Amino acid sequence: ARVGEWATYPPNSCDRKIGCKKFNLLGESDVESALIDGINDLMGDIGGAFNRFRSEGKLDSFYSERLPGVLGKLEKFLPGDSAKGALVGQKLSMADLALFTRLNNLDHEKVASVLEGVPKLKAVHAEVGGNERIKKWLAERPVTPL
């Protein structure tokens, strides 16, 4: 991807961060920004784990052990007020979008079961999924092979 006439950057994470910065989704402080980055990275790790388990034919283990384990650790790490619908800070951030997107791209029924054990993450997932603009996008987005 190009910025201006000369600079290039890796498209995935930089595109996302540029958009999130524009819409103030990277936190209110350096600490919040670092936490958001960490959660975003963790969501990428979950995607990598899913792909490994799928290629090994072990998706049942992914949903019964790996995903609950990782999300359980994240749940314990979060402050108590995360149940209000934001993983970091008091408003929507890239971390919330990353959590929703990652989990929304997995088996919905199995994810719903896992979320029963992590009420803070369940609340954030529901908050993001209930956003009218996000619901509209999910209903109208183009179908792609991925």
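The protein has seven helices and two strands. Helices (H or I, at least four residues) and strands (E, at least two) are DSSP runs, numbered from the N terminus. Along the sequence, the pattern reads β-β-α-α-α-α-α-α-α. Of the 146 residues in the protein, 34% are buried. Buried means under 20% relative accessible area, exposed means over 50%, and partly exposed lies in between (1.4 Å probe, protein chains only).

Residues are numbered from 1 along each chain as its sequence is written, and side-chain values use heavy atoms, with hydrogens and water left out. Because this is a predicted model, local features need pLDDT of at least 70 and side-chain atom pairs count only at pLDDT 80 or more, while totals for chains, interfaces and linings use all residues.

**Nonpolar core**

- The largest nonpolar core holds 31 residues. Such a core is a set of buried Ala, Val, Leu, Ile, Met, Phe, Trp, Tyr and Cys residues joined through side-chain atoms within 4.5 Å.
- Phe62, Leu67, Leu71, Leu87 and Leu121 touch the most other members of this core.
- Elements giving two or more residues to this core are α2 (30–55), α3, α4 (94–104), α5 (108–115) and α6 (119–129).
- Helix α2 gives the most to this core, with seven residues.

**Surface patches**

- Patches are made of residues with over 30% relative accessible area and no salt bridge; like charges are joined within 9 Å, and nonpolar side chains (Val, Leu, Ile, Met, Phe, Trp, Tyr) within 5 Å.
- Accessible areas come from the Shrake-Rupley method with a 1.4 Å probe; for residues, only the protein chains shown count as cover.
- Arg52, Arg66, Lys73 and Lys76 form a positive surface patch. Lys and Arg count as positive and Asp and Glu as negative, with His and the chain ends not counted. The place of a charge is taken as NZ of Lys, CZ of Arg, CG of Asp or CD of Glu.
- Helix α3 (residues 59–77) supplies the largest share of the positive patch, three residues.
- Lys73 lies in helix α3. Lys73 is exposed, with a relative accessible area of 65%.
- Val31, Leu35 and Phe77 make a nonpolar surface patch of about 290 Å².
- Phe77 also lies in helix α3. Phe77 counts as exposed, because its relative accessibility is 52%.

**Salt bridges**

- The whole structure contains four salt bridges. A salt bridge is a side-chain nitrogen of Lys or Arg within 4 Å of a carboxyl oxygen of Asp or Glu.
- One of them joins the side chains of Lys122 and Glu116 (2.7 Å, N to O). Lys122 is partly exposed at 36% relative accessibility. Glu116 is exposed, with a relative accessible area of 54%.
- Another joins the side chains of Glu132 and Lys135 (3.1 Å, N to O). Both residues lie in helix α7 (residues 132–140), three residues apart, about one turn of the helix. Glu132 counts as exposed at 56% relative accessibility, and Lys135 counts as partly exposed at 39%.
- Lys136 forms a salt bridge with Glu140, with the closest N and O atoms 3.0 Å apart. Lys136 and Glu140 are four residues apart in helix α7, so about one helical turn separates them. Lys136 is partly exposed at 49% relative accessibility, and Glu140 is exposed, with a relative accessible area of 52%.

- Leu106 sits in the loop between α4 and α5. Leu106 is buried, with a relative accessible area of 8%. The C-alpha atoms of Leu106 and Tyr63 are separated by 9.6 Å, and these residues are 43 apart along the chain.
- Val111 is found in helix α5. Val111 is buried, with a relative accessible area of 3%. The C-alpha atoms of Val111 and Pro68 are separated by 9.1 Å, with the two residues 43 apart along the chain.
- Lys120 has its place in helix α6. Lys120 is buried, because its relative accessible area is 18%. Lys120 and Lys84 are 36 residues apart in sequence and 7.7 Å apart in space, C-alpha to C-alpha.
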